[in-house]
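This report covers salt bridges, a strand pairing and a surface patch. The sequence and the structure come first.

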Amino acid sequence: MPKLNVAVMFGGRSVEHEVSIITGLQVMDNIDRSKYNVVPVYVSKDGDWYTGEELLNIKNYKDIKKLLSSVKKVFLPPVPSMKCLYFYPFKAGLFKKEAESIKVDVAFPALHGMHGEDGTMQGLFELANIPYVGSAVTGSAVGMDKIIMKDIFKANGIPIVNYTWFLRKDYEGDRESVLNKVEGKVKYPMFVKPANLGSSIGISKAKDRAGLVDAIEIAIRYDRKIIVEEGVLDPVEINCSCLGMDDEVLTSVCEMPVSWEEFLSFDDKYMRQGSSKGMKSASRKIPAPIPKEKSEEIKKLSAEVFKALDCSGVSRIDFLMEKSSLKVYVNEINTIPGSFAFYLWEPLGISFKDLTDRLIQYSLKRYDEMNENIYTYDTKLLEKASLGGVKGSK
């Protein structure tokens with residue numbers, strides 16, 4: 001059986017660009033080369049796509065300008081009949097040679113945040129009819145928008161903290177009204193977050209109105225929608241990962257990041273002990289030192305969240321737990337978690353290599369299911385219209 005070409009995409013137009021590079025390199029280091037050909041696809045901060053062997057070496061990223069001069073720019077047409085990365089300049093035509101290209105059998109997005117984790121890249125893969133790893137358009141988009149995510153959690157009876165939200169333009173138009181609204185619905189201390197951002201960037205804790213104003217001023221730099229959540233008193237963070245699709249969902253062991261204080265910052269998550277190690281470099285306890293029944297409750301809720309958002313592949317669900325009461329709240333889901341949460345699967349005997357293989361196989365399974373759908377419906381409508389038989393429609 002011939003090897004499949006797996007295009008691993010990383011970087012991206014996101015504030016999580018550097019983190020995505022680390023994740024992408026880790027994925028490529030842990031793909032079974034006996035089954036798959038790895039095609040690295042780096043997406044620059046400007047949104048340009050590049051491929052080349054030089055992208056596999058992390059040391060080359062010290063000088064991005066030099067690196068990009070040594071690789072080739074490519075693009076992916078949203079056309080089902082093509083399914084290839086095409087090199088610039090595109091020279092296909094009636095009297096020209098066939099355009100240089102690389103066939104893509106599977107896309108493996110390792111893109112954190114906007115323009116990669118939020119359903120936009122997934123939409124491109126759908127248009128191109130290419131199998132891709134991870135959640136589909138809906139799950140990805142909802143998993144990125146914290147407001148819609150919380151609304152769906154609430155509708156499904158999943159425990160969450162009290163929250164409210166507003167638009168940047170409303171705050172800029174009538175600051176006092178927005179502050180009053182927030183204080184009327186959420187108690188201090190509260191956390192102010194951009195609705196569509198991850199990795200704790202733009203998130204601040206507010207203990208009073210002055211702190212709330214400062215937090216909002218930071219958050220509105222990153223998004224037009226802002227969510228404000230009521231803080232959990234004396235919390236610990238517990239995380240759990242899910243793997244699968246539809247009703248076939250496995251849950252990992254639970255972890256407790258021990259660097260949690262008021263919240264886990266971007267530096268806590270990625271920069272401590274060397275960013276090249278990714279999320280596994282963070283201080284954490286695996287399995288989480290919590291009662292067995294509480295661990296089972298978190299696993300059950302994780303699977304409920306995964307299914308409610310119609311996720312697939314692997315996701316990490318983050319929880320907050322009150323130390324005194326052990327009451328659990330779902331904080332958010334990460335549809336493309338750092339390092340694909342491989343460290344939560346290793347204790348169950350699933351290596352990073354095994355995990356990447358399972359993710360690729362799930363992408364192929366979902367692709368086959370999607371292609372069982374009918375996407376065309378032949379009617380006599382246009383024929384009737386050309387003969388004047390269609391007067392209008394409602």
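A residue is called buried when its relative accessible area is under 20%, exposed when that area is over 50%, and partly exposed in between. By this rule Glu332 and Lys146 are both buried. The structure is a predicted model.

**Salt bridges**

A search of the whole structure finds 18 salt bridges.

| Pair | N to O distance |
|---|---|
| Asp145 and Lys225 | 2.6 Å |
| Glu332 and Lys146 | 3.8 Å |
| Arg209 and Glu183 | 2.6 Å |

Asp145 forms a salt bridge with Lys225. Asp145 sits in the loop between α4 (137-144) and α5 (146-155), while Lys225 belongs to strand β11 (residues 225-230), so this pair ties together parts that are 80 residues apart in sequence. Asp145 and Lys225 are both buried.

Glu332 forms a salt bridge with Lys146. Because Glu332 is in strand β16 (residues 328-334) and Lys146 in helix α5, the pair links parts that are 186 residues apart in sequence. As stated above, Glu332 and Lys146 are buried.

Arg209 lies in helix α8 and Glu183 in helix α7 (residues 175-185), so the bridge ties together parts that are 26 residues apart in sequence. Arg209 counts as partly exposed because its relative accessibility is 26%. Glu183, at 29% relative accessibility, is also partly exposed.

**Strands β1 and β7**

Strand β1 (residues 4-11) and β7 run parallel and are joined by 4 bridges. Within this pairing, Val8 stands opposite Phe108 in β7. In a regular strand, side chains alternate between the two faces of the sheet. In strand β7 (residues 106-109), Val106 and Phe108 point one way, Ala107 and Pro109 point the other way, and all are buried.

**Surface patch**

Which residues form a nonpolar patch on the surface? The patch consists of Val15, Ile218 and Tyr222, which together have about 230 Å² of accessible area. Of these, Ile218 is placed in helix α8 (residues 209-219), the helix that also holds Arg209. Ile218 counts as partly exposed because its relative accessibility is 32%.

Methods:
Residues numbered from 1 in each chain as written. Predicted model: local features only at pLDDT ≥ 70, side-chain atom pairs only at ≥ 80, totals over all residues. Heavy atoms only, no water. Patch = residues over 30% accessible without salt bridge, like charges linked within 9 Å, V, L, I, M, F, W, Y side chains within 5 Å. Areas by Shrake-Rupley, 256 points an atom, 1.4 Å probe, with all protein chains shown as cover. Salt bridge = Lys/Arg side-chain N within 4 Å of Asp/Glu carboxyl O. Helix = DSSP H or I, 4+ residues; strand = E, 2+ residues; numbered from the N terminus. Buried < 20%, exposed > 50% of the residue type's maximum accessible area, 1.4 Å probe, protein only. Pairing = 2+ DSSP bridges.
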